Structure formats: C-alpha cells, structure tokens
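Here's a short tour of one protein model, written for someone who is new to reading structures. Have a look at the sequence and the 3D view, then follow along below.

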Amino acid sequence: MTDPMLAYRLSALEALFRQIADTRMAGLPIMNAALRVELVGFELCASEPDLPAAASGVLVTPWFMNLLRLPLAREDDLGRVGVTRRLALGRERFDFIGAHEAAIGTFDACSLFSPMFDFASQDTAVATAQAVLARLREPLPEVAKDVAEQPERPARRGFLFGRSRTP
C-alpha cells in the first residue's frame, strides 16, 4: 500500500473497530472470542459516477464480516446513514448500507456474515474474506472476438429438439 491517504484511512478504520470491540461490543453474546478485528484486501476501487475515490475490502470483526467501501477523503453525510444504494465491487453490484462513525466519517457496508460463530479461527475467517474478494475481483473472461473462435451453437430448432448441426 503506497498511497499515504489510503494507509491513513485504513489505519483509522481498523483502530476504530478495535476500540468498538473493546468497548461497545465487549461482553456481548454475539462476539466470537476466537476472532479479532482485521482488514482484508483493501485497495482502491473503481470510481462510481458522482462518488469520490474510495477503497474497498472486507472488514472482519468478532461480530460480523462486511464488504466495505471507505471514501479516501473523509465525508460526514449523516443523511446517508441507513440508506441503501447499489455499488460496484469488482464485477458485481451489491446493496450497501450507509453508516457513520465520528472517528472516520461516512462509509458504506454490505453484510457477508453475522454473527460469526461459524468461524472457528481467525485464519478461517480471513481465508473466507480473501476468497470472496478473489472471486469478486477476478477479471471477466475474454469474449471471442472472431466468429471463427466462437464455439458452434446449434440452431434454435436444433437446440429445442436436441439436434446438432453436425451429423
């Protein structure tokens, strides 16, 4: 991670959720004691029209695992709290819910897992987060550009009646 703004924002995000784990969430039965707060795979994400630059990745906590979209520059838009909007992450689009914390400002979250009792260890939770991101960020397969490269497709009648073009 070479972008100093990204490094600063991610450090603040992780520190905030570690503090929440130690204060607001401490002792609640929803906490999985085998897990800790960890950011997984955050990187700059493709910009959405009319939205500022942001980073996306997975936030693992003892009580949830969320896809997160964190603006690189702090935003304080309390009107977005609880509002759902469809945002791209990799090649897919998901419904993200707006959230706000005084320490980092406004961000968007999409729940993957909650509670986290199905994860026996931090390694398992992080591996799951990495697998999700790898799947979302894998490039689209190249489409055959030349008609000759495309696989033969049966005519509609042949497809419907189980007949192929070649005998």
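## A buried arginine

Let's start with Arg9. Leaving aside residues up to four places away in sequence, Arg9 touches Leu70, Pro71, Leu72, Ala73, Arg74 and Ile104, where contact means heavy atoms within 4.5 Å. This is a predicted model, so local features need pLDDT of at least 70 and side-chain atom pairs count only at pLDDT 80 or more, while totals for chains, interfaces and linings use all residues. Residues are numbered from 1 along each chain as its sequence is written, and side-chain values use heavy atoms, with hydrogens and water left out.

Arg9 sits in helix H1. Buried means under 20% relative accessible area, exposed means over 50%, and partly exposed is in between (1.4 Å probe, protein chains only). The side chain of Arg9 does have a polar atom 2.9 Å from the backbone oxygen of Pro71.

## Two nonpolar cores

In soluble globular proteins, nonpolar side chains tend to be buried together. A nonpolar core is a set of buried Ala, Val, Leu, Ile, Met, Phe, Trp, Tyr and Cys residues joined through side-chain atoms within 4.5 Å. The largest one in this model has 23 residues, and Leu13, Phe17, Trp63 and Phe107 touch the most other members. Two or more residues each come from helix H1 (4–22) and from strands E1 (38–44), E2 (54–60), E3 (65–71) and E6 (105–113). H1 gives the most, with seven residues.

Zoom in on Leu13: not counting residues up to four places away in sequence, Leu13 touches Leu39, Phe42, Leu68, Leu70 and Ile104. There's also a second, separate core of 17 residues, with Leu35, Val58, Phe119 and Leu136 among them.

## A hairpin

Now for strands E4 (residues 84–89) and E5 (residues 92–101), which pair in the antiparallel sense over six bridges. Two strands count as paired if DSSP finds at least two bridges between them. Ala88, for example, has Arg93 in E5 as its bridge partner. Two residues lie between the strands of this hairpin, and Gly90 takes a positive phi near 65°.

## Charged pairs

Side chains of opposite charge can pair when their charged atoms come close. How many salt bridges does the structure hold? Ten. One joins Arg18 and Glu14, with the closest N and O atoms 3.3 Å apart. Both lie in helix H1, four residues apart, or about one turn of the helix.

Arg24 and Glu101 also meet in a salt bridge (2.7 Å, N to O). Arg24 is in the loop between H1 and E1 and Glu101 is in strand E5, so this pair ties together parts that are 77 residues apart in sequence. Arg24 counts as exposed because its relative accessibility is 51%, and Glu101 counts as buried because its value is 16%. Another salt bridge links Asp76 and Arg74 (2.8 Å, N to O). Finally, salt bridges that share partners join Glu75, Arg80, Arg85 and Asp108 into one network.

Key. Polar contact = N/O pair within 3.5 Å; in protein donor to acceptor, adjacent residues only side chain to side chain. Salt bridge = Lys/Arg side-chain N within 4 Å of Asp/Glu carboxyl O.
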